[in-house]
Amino acid sequence: MEKILKAEGLTRAFENKGERFLAVRDVSFSLYRGEALGIVGESGSGKSTLVRMLTGLLAPTKGKIEFLSRDLTHAGSKEWRKCYREMQLVFQLPKESFDSGKTLGSGIGESLRNSGMKRKEVREKVAELLSTCGLTPDFAERYPGEVSGGECQRAAIARALAVEPSLLICDEATSALDVTVQKQILELLLRLKNEKKLSFLFISHDLALVQAFCDRVLVMYQGEIVEEGKTEYVISRPKEVYTRQLIDSVL
């Protein structure tokens, strides 16, 4: 299988009142094409810090990041911008990720316009992307405040797909939605995974959501990976007390 993303010994230290602490400690894993990898852990486990390093928003103190065979460990903003055509994020609060003063269609089509696509072609592509994500073309004319959270998250996924990425990083992308809408969004993501051979990093505090979507899972606790493996195996045969506690809290 083709390796999309590789993290090797990632560590991030912070200083607080003169004391040094490790938010992420020696994290290593690989993600393969067409795979959904879950990263699960409670608040403070290091998930967010890890994602910030993997997306170039935070430099690692130690370790190495490779994406599509490119070493990004010490990459500058120019190199990261190139990578963002292949790596896209879907955030927890979709309405906050859109400009409230612009239509959803404007937000979805921004990267297309920036690439030089003509106005008519942008409109057609935006309509196609909305349809792919289960929305009708008229949603392009609506504003973030005029749609539901689930509809806005579908539009956010459409925006992420506009550049035809290889990897979608979903950072608590369903946690702000009710259970019914969560299921619908997961079904959409699963369809995209199968149809487009997309790879996913699915970050969540909820092991039940990870179980419903991910092929493999990494369990983080206090900045470290304490357990990893195929999702069903980890859930049915957890080795760590912390993993068992997560399972008992949601399953």
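At what angle do α4 and α6 pack, and how far apart are their axes? In this predicted model, where residues are numbered from 1 along each chain as its sequence is written, local features need a pLDDT of at least 70 and side-chain atom pairs count only at pLDDT 80 or more, while totals for chains, interfaces and linings use all residues. Side-chain values use heavy atoms, with hydrogens and water left out.

Two packed helices are described by the angle between their axes and the distance between the axes. For α4 and α6 the angle is about 20° and the axes lie 8 Å apart, where axes are lines fitted to C-alpha atoms, for helices over the stretch in contact, and angles run from 0 to 180 degrees between N-to-C directions. Helices and strands here are DSSP runs numbered from the N terminus, with helices being H or I of at least four residues and strands being E of at least two. The two helices are therefore roughly parallel to each other, a description that applies to angles under 35 degrees, whereas angles over 145 count as roughly antiparallel, 65 to 115 as roughly perpendicular and the rest as oblique.

Helix α4 spans residues 104-114, and its buried residues are Leu104, Gly105, Gly107, Ile108, Gly109 and Leu112. Buried means under 20% relative accessible area and exposed over 50%, with partly exposed in between, using a 1.4 Å probe and protein chains only. The cover over these buried residues includes α5 (119-132) and α6 (149-161). After α4 comes Gly116, whose phi is positive, near 100°.

On to the next helix pair. The axes of α6 and α7 (residues 179-196) come within 10 Å and cross at roughly 20°, and these helices are therefore roughly parallel to each other as well. α6 passes α7 in a right-handed crossing. On the α6 side, Gly150, Gln153, Arg154, Ile157 and Leu161 meet Val181, Gln184, Ile185, Leu188, Leu189, Leu192 and Lys196 of α7.

In soluble globular proteins, nonpolar side chains tend to be buried together. The largest nonpolar core has 49 residues, of which Ile157, Leu189 and Phe202 touch the most other members; such a core is a set of buried Ala, Val, Leu, Ile, Met, Phe, Trp, Tyr and Cys residues joined through side-chain atoms within 4.5 Å. α6 gives the most to this core, with 7 residues. A second, separate core of 28 residues includes Leu5, Met87, Leu201 and Ile203. Leaving aside neighbours within four places in sequence, the contacts of Phe202 include Leu37, Ile39, Cys170, Leu186, Leu189, Phe213 and Cys214.

Turning to the strands, Thr11 is found in β1 (residues 3-16) and is buried, with a relative accessible area of 6%. Val24 lies in β2 (residues 19-32) and counts as buried at 0% relative accessibility. Beyond residues up to four places away in sequence, Val24 touches Leu10, Thr11, Arg12, Gly46, Thr49, Leu50, Met53 and Gly223. Thr11, with neighbours within four places left aside, is in contact with residues including Leu22, Val24, Met53 and Pro60.

Most residues other than glycine have a negative phi, and most peptide bonds are trans. Ser69, in the loop between β4 (62-67) and β5 (70-71), has a positive phi near 70° and counts as exposed at 69% relative accessibility. Glu164, in the loop between α6 and β7 (167-171), has a positive phi near 55° and counts as exposed at 58% relative accessibility.

Key
Contact means heavy atoms within 4.5 Å. A crossing is left-handed if the near helix is turned anticlockwise from the far one by less than a right angle, and right-handed if clockwise.
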